[in-house]
Amino acid sequence: MFDLRYHVASLAAVFLALIIGILVGVGISDRGLVDSAKSKFLQDEVASLQQRLDNQATQSADQTRARAATQTFINQTYPALARNRLKGKQIAVVFVGTDKGGILRSSVDGALRDAGAEQVRLRALNMPIDVKQLEAALENQPAAAGLRGKANLEALGHALGEELVIGGDTPLWDSLIDSSSLVEHRLGGSEMPADGVVVVRTASPQHGATSKLLLGLYEGLGATGAPAVGAEQTDAPTSATKAFERGGLSTVDDVDTPVGRLALLLLLAGQPGGHYGVKDSATDGALPPLPLRPAGAGG
């Protein structure tokens, strides 16, 4: 997405370069090596660029005020906009890392509650994975044929992602839950299909074997056709949005704010996928399109 801040910064850099050019030119012209026409050309260029910079700064200030006004409006109207937005929807939640306390847990739980959604299941994953433990847990599981070993970690993650959303028979998850090799904490069963899924990362960025499994997991969550959204808080120590994006998830980078919670709810309700929030990763703006309220969603 075009960002006016970068354009203003670029103009400022060019402006500075031209000023330096004029200073150098003046120094050289004092020795008779540059004529006055060249100096005038540089001065005219600086004047033109200064005007453009002033215009862009004015536009930037206007956009900042408009963005602040929008955020204020959403903050004040969030309860009405969220109410019953996901009424009757079954939403699964995956924590990459612990789900104990913290602003991410309360933000996601609060948003789903505000929208009338039911949290059909929650899975918090041990990070990093122990490949040998995973292989041992899946050793006698027929559904794991072709999914064991380091070379198949992405495929295993993909299958786990699909199982988590589709529900019903989930032999892979059942094996891993029974052995505690992947799942740190869980809530809810596996029978009901999920209408959408939220992924949050509380662990530090993962590498090697664990990153391969997670990439497959994200891809599998998004492959079912149900909305799949990776969410993080505004001041996340290390952003997970790039990892979520590589896995094909939509993202919200400010779920700890009313605007971010509304973006999450709109994505789970089926609005166009994308990357929303306030950081550079938010290439689609602050919010997905805001549709009319669903029928019977008053009160």
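Which residues of the largest nonpolar core touch the most other members? They are L160 and L182, in a core of 40 residues. The model is predicted, so local features need pLDDT of at least 70 and side-chain atom pairs count only at pLDDT 80 or more, while totals for chains, interfaces and linings use all residues. Residues are numbered from 1 along each chain as its sequence is written, and side-chain values use heavy atoms, with hydrogens and water left out.

**Nonpolar cores**

- A nonpolar core here is a set of buried Ala, Val, Leu, Ile, Met, Phe, Trp, Tyr and Cys residues joined through side-chain atoms within 4.5 Å.
- Buried means under 20% relative accessible area, exposed means over 50%, and partly exposed is in between (1.4 Å probe, protein chains only).
- In soluble globular proteins, nonpolar side chains tend to be buried together.
- L160 and L182 touch the most other members of the largest core. At least two residues of this core come from each of β1 (90–96), β2 (118–125), α4 (131–137), α5, α6 (171–179), β4 (196–201), α7 and α8.
- Helix α5 gives the largest share, six residues.
- Helices (H or I, at least four residues) and strands (E, at least two) are DSSP runs, numbered from the N terminus.
- L160 touches L172, W173, L176, L182, L213 and L217, leaving aside residues up to four places away in sequence. Contact means heavy atoms within 4.5 Å.
- Another core lies apart from it, with 31 residues, including I74, L104, A111 and V200.

**Helix α3**

- Helix α3 covers residues 102–114. Its 13 residues should span 18 Å at 1.5 Å a residue, and its end C-alpha atoms are 18 Å apart, which agrees.
- The expected span is 1.5 Å times one less than the number of residues.
- The buried residues of α3 are L104, R105, S107, V108, D109, G110, A111 and L112.
- G116 follows α3, with a positive phi near 80°.

**Salt bridges**

- How many salt bridges does a search of the whole structure find? The search finds three.
- A salt bridge is a side-chain nitrogen of Lys or Arg within 4 Å of a carboxyl oxygen of Asp or Glu.
- R105 pairs with D99 in a salt bridge, with the closest N and O atoms 2.9 Å apart. R105 counts as buried because its relative accessibility is 18%. D99 also counts as buried, at 1%.
- R105 forms a salt bridge with D109 as well (2.8 Å, N to O). Both residues lie in helix α3, four residues apart, about one turn of the helix.
- An α-helix has 3.6 residues a turn, so residues three or four places apart point the same way.
- E232 and K279 meet in a salt bridge through their side chains (2.7 Å, N to O). E232 lies in the loop between β5 (228–231) and α8 (241–246), and K279 in the segment after β7 (275–276), so the pair ties together parts that are 47 residues apart in sequence.
- E232 is buried, at 4% relative accessible area. K279 counts as partly exposed, at 22%.
- Shared partners join the salt bridges of D99, R105 and D109 into one network.

**A buried charge without a salt bridge**

- E163 lies in helix α5 (residues 153–166).
- E163 is buried yet has no salt bridge. The nearest side chain of opposite charge is R123, 8.9 Å away.
- For charge, Lys and Arg count as positive and Asp and Glu as negative, while His and the chain ends are not counted.
- E163 touches D169, T170, P171, L172 and W173, again not counting residues up to four places away in sequence.

**Loops and backbone**

- Most residues other than glycine have a negative phi, and most peptide bonds are trans.
- A cis peptide bond joins M127 and P128, with omega about -5°. P128 is in the loop between β2 and α4.
- N84 is not a glycine, yet its phi is positive, near 60°. N84 lies in the loop between α2 (36–82) and β1. N84 is buried, with a relative accessible area of 18%.
- S180 is not a glycine either, and its phi is positive, about 60°. S180 lies in the loop between α6 and β3 (183–187). S180 counts as partly exposed, at 46% relative accessibility.
- G225 lies in the loop between α7 (208–222) and β5. G225 counts as exposed, at 68% relative accessibility. The C-alpha atoms of G225 and D195 are separated by 9.2 Å, with the two residues 30 apart along the chain.
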